[in-house]
2 protein chains.
Amino acid sequence: MTNSVHHYIHPDRFLVSVDCIVFGFHDTELKILTFKRKIEPQIGAPSLLGGFVCKEESIDDAAKRVLDKLTGIDDLYMEQVATYGDLDRDPAGRVISIVYFALINIEDYDHSLLERYDSSWLSKEEWNHLIFDHRKMVEDALKRLRKKAATFDIGFNLLPEKFTLTQLQSLHEAIYSESLDKRNFRKKVLSLNILDKLEEKDKMHSRKGAYYYKLNENYR
Amino acid sequence: MTNSVHHYIHPDRFLVSVDCIVFGFHDTELKILTFKRKIEPQIGAPSLLGGFVCKEESIDDAAKRVLDKLTGIDDLYMEQVATYGDLDRDPAGRVISIVYFALINIEDYDHSLLERYDSSWLSKEEWNHLIFDHRKMVEDALKRLRKKAATFDIGFNLLPEKFTLTQLQSLHEAIYSESLDKRNFRKKVLSLNILDKLEEKDKMHSRKGAYYYKLNENYR
DNA sequence: TCAAAAGTGTTCATTGTACACCCATGT
DNA sequence: ACATGGGTGTACAATGAACACTTTTGA
């Protein structure tokens, strides 16, 4: 901001928050981490993880701080989505909110934190219970995730380091809410040459066992 | 922001600005509207149009206000790009800036405003003279414009209502900084069935004359 | 008559899509 | 032996990319 065009000589100051959408993948379902709202209105309804931005931190750092505190994970994948600044978006007062989404491997998540913060993993059908404009935020974030996952730019952060092609396909089916053809999916993802096939097999989910893959170093 | 996680009981407040990237297309070149900075440091260097957000307006409205004032156009195409909030992004002090880009038909622009606001249309080679993080903002906005123009989702706002296919192609060449095959381009755009061919011809740019097209009502 | 821009089709390569059966193994 | 999930290939359609000549007309 440099060549100011504003109504007042002394510009207004605002509360600025970050709201974070934490995506996780478990058991063929795409989920988001939410908190139970503690105050009226809509007490008890699920809301996103949020926190106010502080003077001495960048907004990216604020998002990292909130995410670290509430997930216990400090190296997660994080991306800014958009900023929401309508006058009445929060009934408690004017707050401008910058939304981030994060992808975590749900196995890395310490589930004891669920009680500590009174949080829970919401599956898609429940997302419409989110308060205020949080539903819209999640919609927008999901659109972004879908666009990027289509080209396999991101998404691997939702899986363990070693994963089977079945898991990867199942993740994509969860992201797009539609089922995909197994042969076409495998052909496509393998043709990208971004996966390394391991010797090791996953014997947990089938008798035959499925080969583990991991993302090639160059695409980490 | 609801379940606050912050360091202080009394959260900090911030100056929040909108910075606007106004794209225009003239004479086979993609340009942006910029202002000459009036204060040190970097006095005289080009900067984006900006303004502080006020209490009684949404951030979208703030962007509209700035754009209307500085272009004289009130129904332009506008889209939020991203928010920039590093501590030292503006040497004058901490300002969180939400960036928008707008597309205007440069013919609608009142060029007397150039003097009034000491502004100018910068072509691509000059974009790297922009102050601070404004160069990065423009890069990010251009990426978005390119993605959307590829599918002809937007871009027509940069042209007059009636335009020739040559103009449209030349616009795309300017957006992507590369030349395109005439036959393939026309085949593709016409196959989308979003254009109506008019009777009228543009006789300004060739002896033979090129048919005008306009965007079909349904895709306005 | 000629210079300058408008307009037009075909071939080939690549990519996406539909579709069904055998394999390995633990119980 | 059988149930369960793992793994594989082919044919066709759609899309994208390369490529050159004729048309119109004002000067």
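Predicted model: local features only at pLDDT ≥ 70, side-chain atom pairs only at ≥ 80, totals over all residues.
Around DNA strand D you will find 19 residues, and charged residues account for 12 of them.

**The sheet in chain B**
- Three strands of chain B form an open sheet in the order β8-β10-β9, and their pairing is antiparallel.
- At the edges sit β8 (163–164) and β9 (195–202) of chain B, each of which pairs on one side only.
- Strand β10 of chain B, residues 210–215, runs antiparallel to β8(B), and two bridges join them.
- To see how these strands line up, find B:T164, which stands opposite B:Y212 in β10(B).

**Who surrounds DNA strand D**
- The closest residues come from both chains: A:T166, A:K182, A:R186, B:N184 and B:K187.
- Helix α5 (182–191) of chain A, strand β10 (210–215) of chain A and helix α5 (182–191) of chain B each supply at least two residues of the nearby surface.
- The largest share, four residues, comes from α5(A).
- Besides the 12 charged residues, this surface has five polar and two nonpolar ones.

**Contacts with DNA strand D**
- Of the DNA strand D atoms within 4 Å of the protein, 34% belong to sugar or phosphate, and the rest belong to bases.
- A:K182 has a polar side-chain atom 2.6 Å from a base nitrogen of DNA strand D.
- In A:K208, a side-chain N or O atom is 3.4 Å from a base nitrogen of the DNA strand D.
- For B:R207, a polar side-chain atom lies 3.5 Å from a sugar or linking oxygen of DNA strand D.

Methods. Residues numbered from 1 in each chain as written. Chains lettered and ligands numbered in written order. Heavy atoms only, no water. Pairing = 2+ DSSP bridges. Near = heavy atom within 4 Å. Polar contact = N/O pair within 3.5 Å; in protein donor to acceptor, adjacent residues only side chain to side chain. Nonpolar A, V, L, I, M, F, W, Y, C, P; charged D, E, K, R; others polar.
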